[in-house]
Amino acid sequence: MTTKRIHPGVKQMKKALAEGKCSRREFLRTVTLLGVSAATAYGMAGLPAFVPSARAAAQKMGGVLRFGMAVQEMADPATYSWGQKAVISRHVIEYLVETGPDNITRPNLATSWEASDDLKTWTFHLRKGVKWSNGDDFIADDVVFNFTRWLDPKTGSSNLGLFNAMLEESGEKDAKGNPIKRMTKNAVQKVDDHTVQLNLNDPVLSIPENLYNYPTGIVHRNFEKEGRDFTKNPVGTGPYTLTKFKVGEIAVLKKRKAPYWGGEVFLNEIRFVDLGEDVGAYLAAIASAQ
């Protein structure tokens, strides 16, 4: 991830780190949220770059991974509230960013981002050359669609809380008499086919990492038009496609035939089998090599 502009907050954090007023962990999280690449941030902190667990050099391509886990209803990614749903869907639909075990948020479908000095305007640059599984290009319209949908009260997404700074009072009330908030006009704008701008009412540092939560997977811009059910029409940018799904029983993911933007993946298939809450069932499955 590269940036042409260094946010002034980075200089402030460097000074705080030098004076012992913040931890290295806090420094790394903050400056990367402000757009500094992970490698550069580690260098600033005087640390060797974090390296995720390396794949075994002798690892063979192919094979099937069987995973015992609850298979829940998961029609609408914007309403996910359980990790099990995202564990399955994230192989098909992806996130703009990813936050790693080192608490650093890195690019994914977005390649870089920058914030205004007051943290009210965020610009995200999207990865070019990414294809949806239906052959369409991944573009800014997809991101604008998702934000607009997340912040529509009718969707029922918990993203309303994550992106509250993009909402305003509507003067309306729900059935219980609670005020209804709606997305502020021009809160999300398409700059060009691969650039999106978020315009906030209040400063928020955590915008990038807020984009890596269960319900922030990016669905295709035609999600609503095509039935709004991920399990029946699993269009995604990820390396797998959902080929079989039954609540309480099984979910099967198979590797897409088309090239994946993130490179080759090893497994041909991932099977999630719901064995219920009986621990004995899991042990029996292991014993019988299911």
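Predicted model: local features only at pLDDT ≥ 70, side-chain atom pairs only at ≥ 80, totals over all residues.

**Exercise 1: A hairpin**

E6 and E7 form a hairpin with five residues between them, and Gly-177 in the turn has a positive phi of about 85 degrees.

Task: Determine in which sense E6 and E7 pair, and over how many bridges.

Solution. Step 1: locate the strands; E6 covers residues 167-173 and E7 covers residues 179-183. Step 3: identify a facing pair of residues; Glu-169 stands opposite Lys-181 in E7.

**Exercise 2: An open sheet and its helix**

Task: State the order of the four strands in the open sheet, and identify which strands form its edges.

Solution. Step 1: the strand order is E4-E5-E9-E8, and the pairing is antiparallel. Step 2: an edge strand pairs on one side only, and this applies to E4 (110-115) and E8 (188-192). Step 3: consider the orientation of neighbouring strands in this sheet; on average they are turned by 20 degrees against each other, direction ignored.

**Exercise 3: Aromatic pairs**

Task: Classify the geometry of the aromatic pair Phe-147 and Phe-163, and decide whether each residue is buried or exposed.

Solution. Step 1: a search of the whole structure finds eight aromatic pairs, among them Phe-147 and Phe-163. Step 2: the ring centres of Phe-147 and Phe-163 are 5.2 Å apart, and the planes make 70 degrees. Planes over 60 degrees apart count as edge-to-face, and the pair is accordingly classed as edge-to-face. Step 3: place the residues in the chain; Phe-147 is in helix H5, whereas Phe-163 is in the loop between helix H6 (159-162) and E6, 16 residues apart. The pair thus links distant parts of the chain. Step 4: apply the cut-off for burial, under 20% relative accessible area. Phe-147 has a relative accessible area of 1% and is therefore buried; Phe-163, at 1% relative accessibility, also counts as buried.

Task: Explain why the pair Tyr-260 and Trp-261 is classed as tilted.

Solution. The ring centres of Tyr-260 and Trp-261 are 5.3 Å apart and their planes stand at 55 degrees, so the pair is tilted. Trp-261 counts as partly exposed because its relative accessibility is 26%.

Methods
Residues numbered from 1 in each chain as written. Heavy atoms only, no water. Pairing = 2+ DSSP bridges. Helix = DSSP H or I, 4+ residues; strand = E, 2+ residues; numbered from the N terminus. Axes fitted to C-alpha atoms, helices over the stretch in contact; angles between N-to-C directions. Phe/Tyr/Trp six-rings, centres within 6.5 Å; stacked < 30°, edge-to-face > 60°. Buried < 20%, exposed > 50% of the residue type's maximum accessible area, 1.4 Å probe, protein only.
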